[in-house]
Protein chains: 2
Amino acid sequence: MANIIVLHIAALPSVTIAIFAHGFENTTFMTFTIDASDDKSNARSGEIITDHGTIETPIFMPVGTAGTVKAVHQRELVDDIQAQIILGNTYHLFLRPGLDIIEKAGGLHKFIGWDKPILTDSGGYQVYSLAENRKIKEEGVHFQSHIDGTRHEFSPEGVIDIQRAIGGDIIMAFDECTPYPCEFEYAKNSLALTHRWLDRCISRFDQTSGNYNFTQTLFPIVQGSTYPDLRKESAEYIASKNREGNAIGGLSVGEPAEDMYAMTELVCGILPRDKPRYLMGVGTPENILQSIKLGVDMFDCVMPTRNARNGMLFTSEGIINIRNEKWKDDFSAIDANMEGYVDNFYSKAYLRHLIISKEILGAQIASIHNLSFYLWLMKESRKHIKIGDFTSWADLMIKKVSVRL
Amino acid sequence: MANIIVLHIAALPSVTIAIFAHGFENTTFMTFTIDASDDKSNARSGEIITDHGTIETPIFMPVGTAGTVKAVHQRELVDDIQAQIILGNTYHLFLRPGLDIIEKAGGLHKFIGWDKPILTDSGGYQVYSLAENRKIKEEGVHFQSHIDGTRHEFSPEGVIDIQRAIGGDIIMAFDECTPYPCEFEYAKNSLALTHRWLDRCISRFDQTSGNYNFTQTLFPIVQGSTYPDLRKESAEYIASKNREGNAIGGLSVGEPAEDMYAMTELVCGILPRDKPRYLMGVGTPENILQSIKLGVDMFDCVMPTRNARNGMLFTSEGIINIRNEKWKDDFSAIDANMEGYVDNFYSKAYLRHLIISKEILGAQIASIHNLSFYLWLMKESRKHIKIGDFTSWADLMIKKVSVRL
C-alpha cells in the first residue's frame, strides 16, 4: 500500500511536496501549515497533519490522563466536544494498565477507541509532583508509584521507549519541570540537565521507529523558570534541534500571569515561526486567548474537566459557580450561546442539583460543557484570525469570559 | 384542547372505549392491555398507556433516585438503554432539590428533561432504612435527613401531596416495608397499619388532582412479610381497592429466593389479572425471569446500576466481575450479543482498566451496559411471550445469565 511522504518546506509554509512511497511504517512526517496570521499580534491559524488526521490550530487538547477524558464518552469527545486531539499521561498509563496491555491492544488509540491524534507527555511533570517519593539523577528519575509504592525509573531513553509503546502521535521529551519560585542556580543547573536529557531523547527517538502503523514525532520542551536569560538560552537550544514542533514547559506552575506571558512572548520570538508551538498546562480561557496572541498554537489543561467536577463552569458570558444558591431555580440553558446537547438539554438548576448531590451525571454534564466551550473558543479564535479581527475579538472575549456571574 | 378519556373494560382487556373530553387535567386514565399470555406459566405481555406514553410489559424500570439514573445521560436512557419508564425516589427528591424547585420547574419530568413515564415510590422504604433516625407512629413517620439531620415527617396524606408535587405518572401508597426476618406479631400489626395508611392515601389521592397537565395513578402495595396468611389477607384487601395497578412490596429484603417466589405466586394469584403487577425492588435477571412466569409485569432494582459501579456486569452469557485478572487483556466486546454503543465500542480490557482505576467512564459504560441488558431481557421476554415459547426460553436464559464467567 502506498503512503505519501509530505516534505514541508519551512520558508514557504503553505507549499508542500508529496512523494509516493511504499511501506506502512513511519513513512510520512507531521506537517504544519499556517493559513492566516493576525496583523496586530503574533496569532496565527493553521493545520497540523498527522497520520491520525488533521488538527486545526490554535487548538485545545482535552486531557485523557489514564486513557479517558474523565466523565466523557469517546463519542461525546467527537460529536459534542469536537475534540481533534487528546492527551494521555505517560506516568499514569505506564503504571496502569501498563505497557503490556497497551501493546497487546495495538497501542493507545486502539485500547481506548480513539482514532484521532493523541499527544503523550513524558511523565516528567507527574514524577516531579511526587515530591518525597522521587530522586533526580543524571541518569534519570527514581520514583515510587502513588498507587502501590512500587519503585520505577524514568530515563530519557526509557521514556522514549515507553512513548513508543503507548503510541501517541506527538510524544514529548523528558525534561525537569522546575517549581515556582525557583532559585536561579537550581533553574540553571536543571536547564542544563533538561538539555542533556533532550539530546538523549532525540538520539533514542531517531534510532527507533514507531511500534505501530503510523508516524510519531518528538517535541522538545523549553524550560528556564521565569528567568529571561535561561528561557532565551533554552529556546535557542530547542530551536537548533529543528524538530517538527516545540513546547514551552515550566509555566502555569504558580508564577504571576504577567511572568507567564513575558516568558511565552520571549520564547515564541525565538522558536521557529513555521513549527507549531505548544504551551503546556495552560490554562484559563483568558490565559489561552492571551497566549494565542503571543503565537502559541496548542494548549492542554486539566482545568475545564477538574473544575467541572467541582461545579465551576466556563461559559461565553463568564464564570459560573453552579453550587451558588442563585442558580437553584434558574431553569435556563447552561450556556445559551453553545449549540451542543448538554447546553440545550439541561438547565442550570438541574446541573446545580446534580453537583450539590454529588451525582456522577453532574460531573458528566459540566465536563462536556466546559470542554465544548474551550473547543468553541478555539474555533472562534481560528475564525477571527482568518477574518482578520482576532485582536479586537479576543480583547472583548477576555473581558466576557473572566467575569464571575 | 380535547383530550381522550379511555375507559378500560376489565373483562375484555383489549377493548377500550374512547370518549372526547375537554380540559387539560386528569381527564384520561391509565390503561393496561394484555396482548399475549403464556400457556405454561402466568407470564403475559401487554401495554400500559399513560399520558407520557406507552410502557410495554413486562418492563424493567431504571432507578433514577435523585432525578438521575446514576452515570447515565437522559439521551442514553432513550437511545442506548431504550428505557420506557424510570423511577424517582420521593425521600431523596423531597430533601434535595426540594419540592419548591421541582414545582417551579413544572414537575420532575421538566426538571430532569424526561418526557416518558415516571414512577415515584412513597419514600417509605428509604425512611425505614434510616433505622435509628426514624420513629413510626399511627400518624406517620418522623425522621431525620441523612444529609443534614433536619427533622421531617411523612404521613400518608403528606406523601400523596409530595408525589403530586413531584409529578410521577404512577405514584405509590405509603406503606411500612417490614425487614427480614420479621416476627409474625410485628408483621401482622404492621400490615394493619399499612392497610389503614392505604385508606388514607386513597382518600387523599381521590380528593386531589394532579398539579400538572397529566393524569397520575396510585398503586397500593401488598405487604405481609413471608407469612402466607398475611400475604393472602393483604392481597385481598389491596385487590378490593380496585386501583389501576398493584404492587408487591417487602420482598427481596434478605429472604430466601424460594420464599420470595412463593409469596409472589400467592399474591399474583389474588391480585386482579387485568391490572399491572409491580414487584418492588427485584432483582437479578434470574429473579425477574422467574417472577415474570408468576405474572409480574413491572420491576425496578438498583442492582444493574449499583453493581455496575463496582464492576459487576450482567451479560447474555453470564455474570462478569470485570475486576478479575482474567479480563485484563480480553479485547473483545463487553457483550457481543448486544447491539448498543458501549457493547460495540469498548472492550472488556478497557472497561476493566477504567473500573480498577476508579475512572468515572467505567461507571458510565458499565451502567449503560447493565441497564441495556436488563431492558434487552425484557424485550426478549415480551417477544417470547408473544411467540409462545416463553417458558422454555426463560429456563434456558436463567441458566445462562446465572453463570459466573
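Predicted model: local features only at pLDDT ≥ 70, side-chain atom pairs only at ≥ 80, totals over all residues.
Helix α15 of chain B spans residues 390-402. Its 13 residues extend 18 Å from the first C-alpha to the last, close to the 18 Å expected at 1.5 Å a residue. Seen from the side chains, the buried positions of α15(B) are Phe390(B), Thr391(B), Trp393(B), Ala394(B), Met397(B), Ile398(B) and Val401(B). These residues lie on the same side of α15(B), because they cover an arc of only 155° around the axis. An α-helix has 3.6 residues a turn, so residues three or four places apart point the same way. The packing partners of the buried residues of α15(B) are α10 (285-293), β18 (312-315), β19 (318-321) and α14 (360-387), which belong to chain B. On the face of α15(B) turned away from the buried side, Leu396(B) and Lys399(B) are exposed.

Pro58(A) is placed in the loop between β5 (53-57) and β6 (59-61) of chain A. Another cis bond joins Arg96(A) to Pro97(A), where omega is about 10°. The loop that holds Pro97(A) lies between α2 (90-95) and α3 (99-105) of chain A.

Positive phi values were also found in residues other than glycine. Lys358(A) has phi near 55° and occupies the loop between α13 (348-356) and α14 (360-387) of chain A. The relative accessible area of Lys358(A) is 72%, and the residue is therefore exposed. In chain B, Asn242(B) has a positive phi of about 55° although it is not a glycine. Asn242(B) is located in the loop between α8 (228-240) and β15 (246-248) of chain B. With a relative accessibility of 57%, Asn242(B) likewise counts as exposed.

Over all chains, the structure holds 36 aromatic pairs. In one of these, the ring centres of Phe111(A) and Tyr350(B) are 5.4 Å apart and the ring planes stand at 85°, so the pair is edge-to-face. This pair crosses between chains: Phe111(A) belongs to helix α4 (residues 108-112) of chain A, and Tyr350(B) to helix α13 (residues 348-356) of chain B. Phe111(A) is buried, at a relative accessible area of 2%, and Tyr350(B) is buried at 0%. Phe373(B) and Tyr374(B) form a further edge-to-face pair, with 6.5 Å from centre to centre and 80° between the planes. Phe373(B) has a relative accessible area of 0% and is buried; Tyr374(B) is also buried, with a relative accessible area of 0%.

In chain A, ring pairs link Tyr91(A), Phe94(A), Phe143(A), Phe154(A), Phe174(A) and Trp197(A) into a cluster.

Contacts between arginine and an aromatic ring were identified in chains A and B. In chain A, the charged end of Arg164(A) is positioned over the ring of Phe205(A), 4.1 Å from the ring centre. In chain B, Arg164(B) lies over the face of Phe205(B), at 4.1 Å from the centre of the ring.

Technical notes
Residues numbered from 1 in each chain as written. Chains lettered and ligands numbered in written order. Heavy atoms only, no water. Helix = DSSP H or I, 4+ residues; strand = E, 2+ residues; numbered from the N terminus. Expected span 1.5 Å × (residues − 1). Buried < 20%, exposed > 50% of the residue type's maximum accessible area, 1.4 Å probe, protein only. Arc of directions from axis to C-beta. Contact = heavy atoms within 4.5 Å. Phe/Tyr/Trp six-rings, centres within 6.5 Å; stacked < 30°, edge-to-face > 60°. Lys NZ or Arg CZ within 6 Å of the ring centre and 35° of its normal.
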